[in-house]
Amino acid sequence: MRQKLTLALLALMALAIGSQDQDIFFQDGEKSIILRDFVGKSISYTPGQLVRFSGTGSPLTADVRSNGLLLQGNEIQGVAKPIASLFYLEEANLSGSAVAIMDSKVREDFELSKKLRTAPGPEQSRTRIDSARMVYAGTQEEGELTMPAKLRVRSDTTGARTVKKEDKDVAQTYTQALDLVGTSGAISLDPNAKTSSTNLKKGTIQGPVEFTFLRSETDAGAKEPAITNLVGRGDKLIFDFTGTARTITLVGNVHLVGTGSFNGETNVDKLIITVDEKLQPIRYETEGNPSTTKMKTGDGGK
Amino acid sequence: MFVKRPFVLGIAVFVVASLAIGQGVFRYTDQAGALVVNAKSARFTQAAGPVYKFTLSGNVVVDDKTQGLKLSSQQVTLDAVPSKADSKKSEVRKAIATGGVQVTKTVTTPRGGRITKMTGSKGDYTNRTSDGLVNLSGPVTMTNLDSASQQSLVATGSTAVAIVEPKTTGKRGGLRSATLTGSVKITVVQAPVGGKKGSTMVATGNRMVFDNLSTPPTITLSGNVNMEGRGPGSFGTMRGVSRAVLTLNDDGEWTGFSTEGT
């Protein structure tokens with residue numbers, strides 16, 4: 001009986017794998033780009049030149065593993081560029097419940113399989129963006145998504161690092177989750193999360209913008225993690241993690257309430273949050289009037 | 001053994017063939033050796049025109065050197081005519097073949113030579129002066145090989161209609177065009193580079209049209225088209241489109257493709 005069940009399960013798995021394989025419209029020889037579930041479809045391919053593709057589906061998927069980028073939607077026009085034997089997404093116009101997922105682990109696993117890197121990185125970051133429409137323009141190392149319609153961004157990072165505490169090196173693990181919505185925006189993404197501890201490089205989100213940010217840090221040997229929890233809103237949000245001064249700026253009708261590194265509540269015209277290289281908030285600055293800020297005693301609130 | 005058909009207007013002419021038939025093997029050669037016919041048994045008449053009419057069976061081989069055409073089969077009905085350029089030579093005008101049919105067209109190209117082999121269970125060939133028309137039904141296999149570069153195209157299907165060069169030269173080989181229907185499969189092998197075997201493109205569909213006269217030459221596949229590249233530098237996989245057009249270079253190698261449809 002158990003043998004029969006095992007065989008049936010194996011058969012189902014084989015069927016599922018075969019079915020998934022059959023859904024593929026196009027994939028290159030190195031499987032750096034896989035187009036799946038295209039109903040209407042066309043592609044133009046000339047070795048060594050740009051690959052142009054388009055299609056419809058409900059939804060279709062463009063899995064650009066060399067970029068660590070997965071696009072889903074009901075309609076797409078795209079261009080992929082060959083570099084060495086791999087393809088990288090150069091342009092894409094996506095519409096109809098569009099989803100973009102940039103996952104550093106996908107890129108990392110792909111690069112490990114192609115021996116383009118020798119070891120996994122210390123952290124993983126996955127960013128998902130939902131919008132009715134989006135336009136992607138990118139290179140091998142970065143991509144910019146422009147969303148002219150309402151959008152939602154969810155970015156999760158996990159990692160490990162060593163921090164100095166009382167002149168001692170302390171091993172620390174952390175998780176971080178950002179969830180924000182806006183009415184339109186443009187975001188630059190880093191597939192390798194090289195710039196900082198996230199796929200997000202810089203961007204501008206038009207509002208009203210609402211966001212939540214949750215970060216949990218656990219030192220080796222600690223009983224409980226240190227948690228930073230922020231809930232905010234504003235008319236516009238600008239973030240830039242590319243320079244040495246990494247900032248998140250909220251402009252217009254800003255409201256922020258938090259615990260942890262920011263322990264309190266503020267209503268201001270402008271709020272600049274400076275973060276470290278791992279996106280841990282380290283400084284909060286407010287500008288403009290009227291401004292009301294209540295800070296609780298204890299942790300946070302610099 | 002020889003039959004003079006009542007409707008034949010001309011006078012039947014018995015030639016050296018009669019001796020061969022007596023030994024159970026038929027062989028006909030024109031005066032220049034440009035047309036050679038071999039078979040186990042044959043009926044042979046000359047009709048007005050003149051037209052040499054052969055009814056051949058058993059390991060039939062018709063070798064027309066003027067057209068670079070060789071036809072082999074088990075049963076062949078053949079019409080041959082004297083060459084307009086050289087009265088000592090004869091050429092195939094029409095042939096109808098049944099059983100293990102193979103048509104081989106050999107031509108010289110600017111880059112060397114190309115051999116096109118087409119096989120089927122029955123078929124016919126018509127010399128239309130400006131070109132040659134081959135009809136085959138199947139299953140059929142068509143192999144188009146550059147003898148110098150080893151680049152090749154192999155196509156299989158249920159039926160094939162091919163138009164070939166009239167003589168023994170051709171810019172891109174002996175095949176001007178070919179249409180295969182049925183469950184079609186093509187394999188395009190690129191020429192070896194630096195001693196390494198060339199990559200391979202395998203494609204399937206319900207119909208294939210090979211246009212070797214257009215610039216660039218194209219292979220158009222239609223009906224549930226799937227394609228797969230194999231070997232170094234191959235493109236990968238493409239599945240389930242209604243139409244795909246492969247472009248080729250003058251050497252017969254595929255240089256790209258575009259697709260459309262659901």
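Chain A holds 2 helices and 17 strands, where helices (H or I, at least four residues) and strands (E, at least two) are DSSP runs numbered from the N terminus. This is a predicted model, in which local features need pLDDT of at least 70 and side-chain atom pairs count only at pLDDT 80 or more, while totals for chains, interfaces and linings use all residues. Residues are numbered from 1 along each chain as its sequence is written, and chains are lettered from A and ligands numbered from 1 in the order in which they are written.

Of the 302 residues of chain A, 40% count as buried, a residue being buried if 20 or more other C-beta atoms, placed from the backbone, lie within 10 Å of its own. Among the contacts in chain A with a separation of 6 or more, 53% come from residues 24 or more positions apart; two residues are in contact if their C-beta atoms, placed from the backbone, lie within 7 Å.

Where the two chains meet, the contact takes 17 residues from chain B and 15 residues from chain A. On the side of chain B that touches chain A, the elements giving two or more residues are strand 13 (236–248) and strand 14 (254–260) of chain B. Strand 14 of chain B runs antiparallel to strand 3 (residues 41–45) of chain A, and 2 bridges join them; within strand 14 of chain B, B:Ser258 is the bridge partner of A:Ser44.

As for confidence, the predictor gives the complex an ipTM of 0.76 and a pTM of 0.82. The mean pLDDT of chain B is 88, pLDDT being the predictor's confidence in each residue, from 0 to 100. Over residues 1–23 of chain B, however, pLDDT stays under 50.

Definitions and conventions. Pairing = 2+ DSSP bridges. Buried ≥ 20, exposed ≤ 12 C-beta atoms within 10 Å, placed from the backbone.
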